[in-house]
Structures are given as structure tokens and as C-alpha cells.
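Take a look at the model below. We will walk through it one part at a time.

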Amino acid sequence: MLVIATSDKGGTGRSVTTCNVAYRRAMQGDDVCYLDFDFGSPTAGAIFGIERMAHGTQDEDGLHRYLQGKTVTPGHVDVWSESRRPPGSGPRPTGAGNLVLYPGDLGGGEFTAKPEVIERCAELLLLLQSQFSVIFIDLSAGRSHAAEMILTVTARERRISETRWLVFHRWTRQHISAAADLVFENRGLLEFGNLFGHDRDELRRCIRFVRTAVIDPKSDQGVLGLRAEQEAWLRQVDKGLNEQANIAGLGRTSVIATVPVDPVLQWREQLITDEDVYAEIANDGTVEAFAGLAASLDDPAAWSRI
């Protein structure tokens, strides 16, 4: 399965959420790899706790160089053995599958999806498909060359297994509009996907939205210490956002996950482990959202509706 993470704006929590979902999927027993196609800012290494790759790899075998034909094979790193999250984690946990990161290049950037780049990308995905159950691809924000490349490859290469698109947005008016534009408007995923050879309706069925940093105004424990007047205002705002999302095509039937606001994600983007919850550093609702999204990726009920 190919899981493609994208967003129209930066700061949506796309990368940190996708890393955590990949981690949870591996913890559930699947062999997982993560391709850092955020070519302008390949920071998955930092989220996975691999400090030497915090902003991409310094070696000469990163994904930038591989896709451009400057190296024969792409470099990769075993997250279980190299991550410092949690410190000294060592070998992979009992019952977990493989978790492998393919980093981008330090100092790399966007590049045009030329035919030879498309071909190398297709070859890589077909190879990894034979080795891993789930392949996560984190794209650059917006209408990037990386998104164009993946749309082209998945339209042309029918040997690639089922594909899922996760479109991330924060729970604000601006982010809802941006996410809707990325999918539905001119030069959006559906228009470009159709241009590159996708069936528009079939592609739409492969797209779901992920809401991030969401504050639940109905929480029994109150909301972040807000005054009663502020909580009442927040409930009104939440109602308006739901109405806007429904009109824009981002209603509940199109949403596959809602990730609550969490201090760990706000102040230090990293993997959230069960130990973080036991220590009451992170919220258990955040882990439940990650684990639920990881499990729902191949749940037919979650992908049978539009």
C-alpha cells in the first residue's frame, strides 16, 4: 500500500503526524518504509529521532540524488536501531515490523519531474512494494514537483498496489479553504491527476482529509484553562468551521482522522511513545488518533465512501 501525505500550507503537522502514523503501523506488526519527498525541507530524520539526518542526509545517496540519477541506490536507515526516541531504544520492539527511513538530501530542493525521474521513481516504488507492507511518502506542501511526480507514476504504473492520499489541514478557516483548493479547485489534485491519466472519480475515492491540532470544545475537562466566555466562543467557532468544511467538501464523511492539539506536538515535533503517555507528557487521545489512522488505512469501510 502507498500512503501519500500532502497539504496545501506548511505548518499543518503533516510530517510529524505521518511519521507517528508510520511508527504506529510498524508497532502494529507491518513492515513500513518512509520516503521523505519533502524536498524543500526533508526533516523526517529529526522527527524519528535520528539527529544526524535532522535536515536530510549528508551522504551522497539521498532521494534527491537517486531520483536525479546521481547515485545507483538510495540510502536508507533502520529507525529502530538509530532513533533516540525513546532514548536507547535499541532493536525493534517485540511484535513490531521493520521501520525504515529513506531520507532526502541535506540542502536539497525541488526539481522538475523529468521522464527519467518519473522512471526512477516508479522503479523505486515497485522495488519497495515487494519489501514493505506500507510505503509512506511525505510530499512538499502545495502544488509541488513531487506531487506531480507521484500523480504521474501512480497513473502510469498499474503494478503499484492500492494508493491512499491523506490531505492534512489545521482546524482554521484558512486551512480548510487551502485544503479544499488543493483537492478540488483549478490546478488541484483531481484536475492534475486527470490530466496525468487518473480517473477523476477513482482518484477522489482515494483521498481523505486529516484534521490536526483540533481543540474539542465539548471536552468534559475544559479546554486549556479557558474562561467560560472563551469556551462558549470556541464552541461557536467550531460550529462555523464544521459548516464551512461541509460546504467545501471536507465534511465528516471525507475525514479519516482528527488529531487533537497536544503539547508535545506543539513544542517539540517528535514520535510520541506509550511511555510519553504513561509519564503524562503526551495525551492518550493523540496516540489513539495516530493508532486509529494507522489501522484505518486498509479498512474498506473508511475508503468506501466519498
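Strand 6 and strand 7 (residues 207–214) pair in the parallel sense, with six bridges between them. One place to look is Leu166, whose bridge partner in strand 7 is Arg208. Keep in mind that this is a predicted model.

Strand 6 also pairs with strand 1 (residues 2–6). This pairing is parallel too, over five bridges. Here, Leu2 has Thr163 of strand 6 as its bridge partner. How many residues of strand 6 are buried? Seven of its eight residues, 163–170, are buried, so the strand is largely enclosed by the rest of the structure.

Now find Asp38. It sits in the loop between strand 2 (32–37) and helix 2 (44–48). Is Asp38 buried or exposed? Its relative accessible area is 10%. Buried means under 20%, so Asp38 counts as buried. Setting aside neighbours within four places in sequence, Asp38 is in contact with Arg14, Ser15, Asp138, Leu139 and Ser140. With Ser140 there is a polar contact, side chain to side chain, at 3.4 Å.

Last, turn to two helices. The axes of helix 7 (residues 173–184) and helix 10 (residues 228–248) come within 10 Å and cross at roughly 10°. Angles under 35 degrees count as roughly parallel, so helix 7 is roughly parallel to helix 10. Helix 7 contributes Arg173, Ile176, Ser177, Ala180 and Phe184 to the contact. Helix 10 contributes Leu241, Gln244, Ala245 and Ala248. By class, the contact has six nonpolar, two polar and one charged residues.

Terms used
Residues are numbered from 1 along each chain as its sequence is written. This is a predicted model: local features need pLDDT of at least 70, side-chain atom pairs count only at pLDDT 80 or more; totals for chains, interfaces and linings use all residues. Side-chain values use heavy atoms; hydrogens and water are left out. Axes are lines fitted to C-alpha atoms, for helices over the stretch in contact, and angles run from 0 to 180 degrees between N-to-C directions. Helices (H or I, at least four residues) and strands (E, at least two) are DSSP runs, numbered from the N terminus. Angles under 35 degrees count as roughly parallel, over 145 as roughly antiparallel, 65 to 115 as roughly perpendicular and the rest as oblique. Contact means heavy atoms within 4.5 Å. Ala, Val, Leu, Ile, Met, Phe, Trp, Tyr, Cys and Pro count as nonpolar, Asp, Glu, Lys and Arg as charged, and the others, Gly among them, as polar. Buried means under 20% relative accessible area, exposed over 50%, partly exposed in between (1.4 Å probe, protein chains only). A polar contact is a pair of N or O atoms within 3.5 Å; within protein, one must be able to donate a hydrogen and the other to accept it, and residues adjacent in sequence count only if both atoms are side-chain atoms. Two strands pair if DSSP finds at least two bridges between them.
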